Amino acid sequence: MNLPENLKYTEDHEWIRVEGKEAYIGITDFAQKELGDIVYVEIETEGETIEKGEVFGTVEAVKTVSDLFMPLNGEVLEVNEELEGEPELVNSDPYGKGWMIKISIEDESQLDSLLSVEQYKEVVGA
Amino acid sequence: MDKTIEIKKIALNDLHEQLGAKMMPFAGYNMPVRYSSDIEEHQTVREGVGIFDVSHMGEFILKGPKALDLIQRVTSNDASKLFDGKAQYSCLPNDEGGIVDDLLVYRISEEEYLLVVNASNIEKDWNWISKFNTEGVEMENISDNISLFAVQGPKAAEALQSLTQTDLKNMKYYTFEKGEFAGAPDVIISATGYTGAGGFELYLKNEYAEEVWKKIMEAGADFNIKPIGLGARDTLRLEMGFCLYGNDIDDQTSPLEAGLGWITKFNKEFTNSESLKKQKEEGVQQKLIGFVMEEKGIPRAGYEIYNSQDEVIGRVTSGTQSPSMQIGLGLGYVQKANSAEGTEIFIGVRKRRIKAKIARPPFYKG
């Protein structure tokens, strides 16, 4: 299973790449494998400020639907528009072209609550 | 008391794990739900040939001079129409208007029948049928000894032909032969399936399962045969509008509401036939309909169905994105008054109402 060292993770199987005061968010390789073929990523919260733990969107696979949770308080600055036409990028490149949103980090102290790659490995039994 | 539910393993459990299948508990069995990709597996069956291990399904043998009488008493279809080598889709009505299970009835000989039931209902069906067995029909539950492979797709007959003397290409839908297959004796080779893609279902003893699976994979290699999980089985059956017990039909739904009038024959008496007959004359209150999404959105079981006045008129019982057609489609119950083909409806997907249209299955027409 592909789990990059430079990312933070959540128990909801999301990854966070911190870049200064902003962060990119997507779902992990584990999550995309569990979901199977992703056919639709629905994110309609661009421009909204959302609290940690609240839903920012939904990912639809052939067999199942799953909510996407904010890992940190922040504003949704950007949504990956490529997923509109090519949702399968989440399967083929979950940490790259399959990113979902870019957010502003409102409360840096929340970064401490995110999981390191070692901690996330324990969550998924890797 | 230990309340852990025991998850049963099918004969080829280890083989599926070695093939990289994602295994999940389904109907009490650890089952392969996906080997590579739901969409790829789906297309393999639509366009070529794939093999499913559906050994979780239940099988009962009913034997004796009164076997047909018992089957006629408990099932809704007319089993007297069967002849040796003929199978029939049917259901077991309960006495409260609903359905105990749907099943296949195979006539092996005049006094021997095979009933194939859903895995989740094996015990329930066994107890139900036994209750009506007052005339000494010999009943045997062979579910744990039988493996079932479904080889489905337009290339199925060609892919399997080298393994059997039976002329597969000329077998009619819903007929079967019992004979040697890939070296295994007494295999039921049945021209049936749950995909709408054509093909065969093979019932064999567990002891031959591994050998037969391997020979099928070898014989099918030239046709690019692939193992297919239950995930694709569900999208394939939904594209055909086939009912799934537990979703689209259950203990509460009437066969007439479910569109199963064609297997509900009133020329004989069976469980609850009186009141079902009355329901047929008076008309049903709700109906199982098929629908296709007219806008982007994927229907799922449990979502509500609305009319154009935003009133709830029913609910979705099965739904998916169709891999063949790349649109959302599903089945659901609506009030009879709103059930006409072509009616515009709306599916409540999270906070939105997504436009859909009532359509008559099969959705996928090849």
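Strands are DSSP runs of E of at least two residues, and helices are DSSP runs of H or I of at least four residues, both numbered from the N terminus; two strands are taken to pair if DSSP finds at least two bridges between them. The structure described here is a predicted model, in which local features need pLDDT of at least 70 and side-chain atom pairs count only at pLDDT 80 or more, whereas totals for chains, interfaces and linings use all residues. Residues are numbered from 1 along each chain as its sequence is written, chains are lettered from A and ligands numbered from 1 in the order in which they are written, and side-chain values use heavy atoms, with hydrogens and water left out.

The model scores ipTM 0.88 and pTM 0.95.

Strands of a sheet pair through backbone hydrogen bonds, either parallel or antiparallel. The pairing of β1(B) with β3 (residues 29-34) of chain B is parallel and runs over 2 bridges; here K8(B) lies opposite Y29(B) of β3(B). The loop between β2 and β3 of chain B holds A27(B), a residue other than glycine whose phi is positive, near 55°.

A cis peptide bond, with omega near 0°, leads from P361(B) to P362(B). P362(B) is located in the segment after β20 (352-359) of chain B. Most residues other than glycine have a negative phi, and most peptide bonds are trans.

Contact between the two chains (heavy atoms within 4.5 Å) involves 17 residues from chain A and 19 residues from chain B. About 1500 Å² is buried between chain A and chain B, 41% of it on carbon and sulfur atoms; buried area is the accessible area (1.4 Å probe) that two parts lose on being put together, summed over both. Across this interface, 8 salt bridges are found, a salt bridge being a side-chain nitrogen of Lys or Arg within 4 Å of a carboxyl oxygen of Asp or Glu. R350(B) forms a salt bridge with E42(A), with 3.1 Å between the closest N and O atoms. On the side of chain A that touches chain B, at least two residues each come from α1 (29-35), β4 (38-42) and β6 (55-61) of chain A.
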